[in-house]
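Visitor: I would like to learn how to read a few features of a protein model. Could you take me through them one at a time?

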Amino acid sequence: MEQPEKPRWSVGELAAATGVTVRALHHYDNIGLLHASDRTAAGHRRYTEPDLRRLYSIRTLRSLGVPLGEIAPVLDESGGNPESLQKLLLRQLDALGEQALQLEQLQRTIRELLARLSGQGHAEPAYFTTVLERMTMFENYFTEDQRRELDEQRARLGREAADESRTEWVGLVEEGLRQVDGGVPATSPEARELVHRWDELGSRFHSSEGTKAAARSMWAENSAELSQALPWTAQQMQALVAHLEAARGTGQDTAADGGLS
């Protein structure tokens, strides 16, 4: 009994049947992701059922955001065994988690811009430049792992608690400036109490010494620029930092722990 001929598809037919463009199929072929397994007597490419199954696997992984360059090795390795696929999906899950944290950071920046627009009705071009500079500065001082750590710490804290902490921080700054203006000695009980509350508040946003050190470095080297986003002058903030350093009595610049990052 004659066996029925197995289905085969030309590039155009496969494109029409799957919704993938001819251009995409040609690209997959060029990068070694999907080759036509058969050819006609005249040399024209024909895709077979295994090719169709591979194409659907490619489309599924692409819909999950997996880069094209990472798909072929997994599909080629023992026909895409579960272990290889699991490793690929775990890597993709980690990448998506990082993207989610980056999106959260962008959301905070956009909310800040919206608040600025709502309060003033406009935002000068110079303000947008300042926001960009601050974002770049943040990336320069904090590693990718540290930025993720800070985002995770803020997520654990929660938006409401984070907002309350920022309000508390503003109160601490005002109290510290009153001490500076009033000539309160750094050795006084009032100053030591202030620095204790300052450090306790900063610990809510930093879960490791690494992020604290990065925040200190960023503040120490860019206090003038960072102060532009605050309602106090750079001179006021620098005086407050010096007061806190003296009250802490360690000679270490930990002023940025209070949320300046």
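**Reading the features**

Guide: Thr187 is exposed, since its relative accessible area is 61%, where exposed means over 50%, buried means under 20% and partly exposed lies in between, with a 1.4 Å probe and protein chains only. This is a predicted model, in which local features need pLDDT of at least 70 and side-chain atom pairs count only at pLDDT 80 or more, while totals for chains, interfaces and linings use all residues. Residues are numbered from 1 along each chain as its sequence is written, and side-chain values use heavy atoms, with hydrogens and water left out.

Visitor: Where is Thr187 found, and which residue is 62 places from it along the chain with its C-alpha atom at 8.5 Å?

Guide: Helices (H or I, at least four residues) and strands (E, at least two) are DSSP runs, numbered from the N terminus. Thr187 is in the loop between H8 and helix H9 (189-203), and the residue you ask about is Gly249. Ile31 counts as partly exposed because its relative accessibility is 43%.

Visitor: How should I read a contact list, and which residues does Gln179 touch?

Guide: Contact means heavy atoms within 4.5 Å. Gln179, which is found in helix H8 (residues 159-182), touches Val184, Glu190, Ala191, Leu194 and His243, when residues up to four places away in sequence are not counted. Gln179 counts as buried because its relative accessibility is 6%.

Visitor: What makes two rings an aromatic pair, and how many such pairs does the structure hold?

Guide: Rings of Phe, Tyr and Trp (its six-membered ring) pair if their centres lie within 6.5 Å, and planes under 30 degrees apart count as stacked, over 60 as edge-to-face and the rest as tilted. The structure holds two aromatic pairs. Trp169 and Trp198 form a tilted one, at 6.0 Å centre to centre with 55 degrees between the planes. Because Trp169 lies in helix H8 and Trp198 in helix H9, this pair ties together parts that are 29 residues apart in sequence. The rings of Trp169 and Trp232 have centres 5.8 Å apart and planes at 80 degrees, so that pair is edge-to-face. Trp232 lies in the loop between helix H10 (209-227) and helix H11 (234-248), so its pairing with Trp169 of helix H8 ties together parts that are 63 residues apart in sequence.

Visitor: Are these three tryptophans, Trp169, Trp198 and Trp232, buried or exposed?

Guide: Trp169 is buried at a relative accessible area of 8%, Trp198 is buried at 1%, and Trp232 is buried at 7%. Trp169, Trp198 and Trp232 form one aromatic cluster.

Visitor: How does one judge the length of a helix, and what span does H7 reach?

Guide: The expected span of a helix is 1.5 Å times one less than its number of residues. Helix H7 (residues 144-157), with 14 residues, reaches 20 Å from its first C-alpha to its last, close to the 20 Å expected. Among the residues buried in H7 are Arg147, Glu149, Asp151 and Arg154, and just after H7 comes Gly158, which takes a positive phi of about 90 degrees.
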